[in-house]
Amino acid sequence: MWTTIVNGLRDFLIDMVNVFLALLPDCPFEKYISAIGDNDLLKYVNWIIPVGDFVIIGSSWLVAIGVFYLYQVVLRWLKVIGD
């Protein structure tokens, strides 16, 4: 019984997200990204400067900072820490 309710709720949420994403416009940068992907010089530059690793490290750092600030806000709401 609970699995049907949870699966139904999950399917409903997935459908709502899909409807919302269908309302968004197409990406205007798609043609530029595909043109850059075919560049052979970019492969060599990426070997010297690991851009993918930089993106992973930067996004991890942003998530950690976001979690920290969210944690701070929750503690302030609970009046555990001061201003």
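This report walks through the fold, the surface and the charges of one predicted protein model.

## Ground rules

Because the model is predicted, local features need pLDDT of at least 70 and side-chain atom pairs count only at pLDDT 80 or more, while totals for chains, interfaces and linings use all residues. Residues are numbered from 1 along each chain as its sequence is written, and side-chain values use heavy atoms, with hydrogens and water left out.

## Overall build

Let's start with the big picture. The protein has four helices and zero strands, and from the N terminus on its elements run α-α-α-α. The radius of gyration is 21 Å, well over the 12 Å that the globule rule gives for 83 residues, so the protein is more spread out than a compact globule. Here the radius is taken over C-alpha atoms, and the globule rule is 2.2 Å times the number of residues to the power 0.38. Helices (H or I, at least four residues) and strands (E, at least two) are DSSP runs, numbered from the N terminus.

The C-alpha atoms fill a box of roughly 55 × 40 × 25 Å, taken along the principal axes. Val 19 and Val 51 are 32 residues apart along the chain, and their C-alpha atoms are separated by 33 Å. Cys 27 and Gly 52 are 25 residues apart in sequence and 21 Å apart in space, C-alpha to C-alpha.

## Buried or exposed?

How much of the protein counts as buried? Of its 83 residues, 2% do. Buried means under 20% relative accessible area, exposed means over 50%, and partly exposed is in between (1.4 Å probe, protein chains only). The accessible surface comes to about 8,100 Å², and 73% of it belongs to carbon and sulfur atoms. Such areas come from the Shrake-Rupley method with a 1.4 Å probe; for residues, only the protein chains shown count as cover.

Two residues make handy examples. Val 19 sits in helix 1 (residues 2-23) and is partly exposed, because its relative accessible area is 47%. Cys 27 is found in the loop between helix 1 and helix 2 (30-37); with a relative accessible area of 42%, Cys 27 is partly exposed too.

## A nonpolar patch

Now look for a nonpolar surface patch of about 1,300 Å², whose members include Ile 36, Leu 41, Tyr 44, Trp 47, Val 51 and Phe 54. Patches are made of residues with over 30% relative accessible area and no salt bridge: nonpolar side chains (Val, Leu, Ile, Met, Phe, Trp, Tyr) are joined within 5 Å, and like charges within 9 Å.

Helix 3 (40-48) and helix 4 (51-77) each supply at least two residues of this patch. Which helix gives the most? Helix 3 does, with six residues. Tyr 44 is found in helix 3, and this residue counts as exposed because its relative accessibility is 60%.

## Charges and salt bridges

The protein has 5 positive and 8 negative charges, and their mean positions are 10 Å apart. Lys and Arg count as positive and Asp and Glu as negative, whereas His and the chain ends are not counted. The place of a charge is taken as NZ of Lys, CZ of Arg, CG of Asp or CD of Glu. Side chains of opposite charge can pair when their charged atoms come close.

How many salt bridges does the structure hold? There are two, a salt bridge being a side-chain nitrogen of Lys or Arg within 4 Å of a carboxyl oxygen of Asp or Glu. In one of them, the side chains of Arg 10 and Asp 11 meet at 3.5 Å, N to O. Arg 10 is partly exposed at 45% relative accessibility, and Asp 11 is partly exposed at 36%.

Lys 43 and Asp 40 also meet in a salt bridge, at 3.7 Å, N to O. These residues are three apart in helix 3, so about one helical turn separates Lys 43 from Asp 40. Lys 43 counts as exposed at 55% relative accessibility, whereas Asp 40 is partly exposed at 49%.
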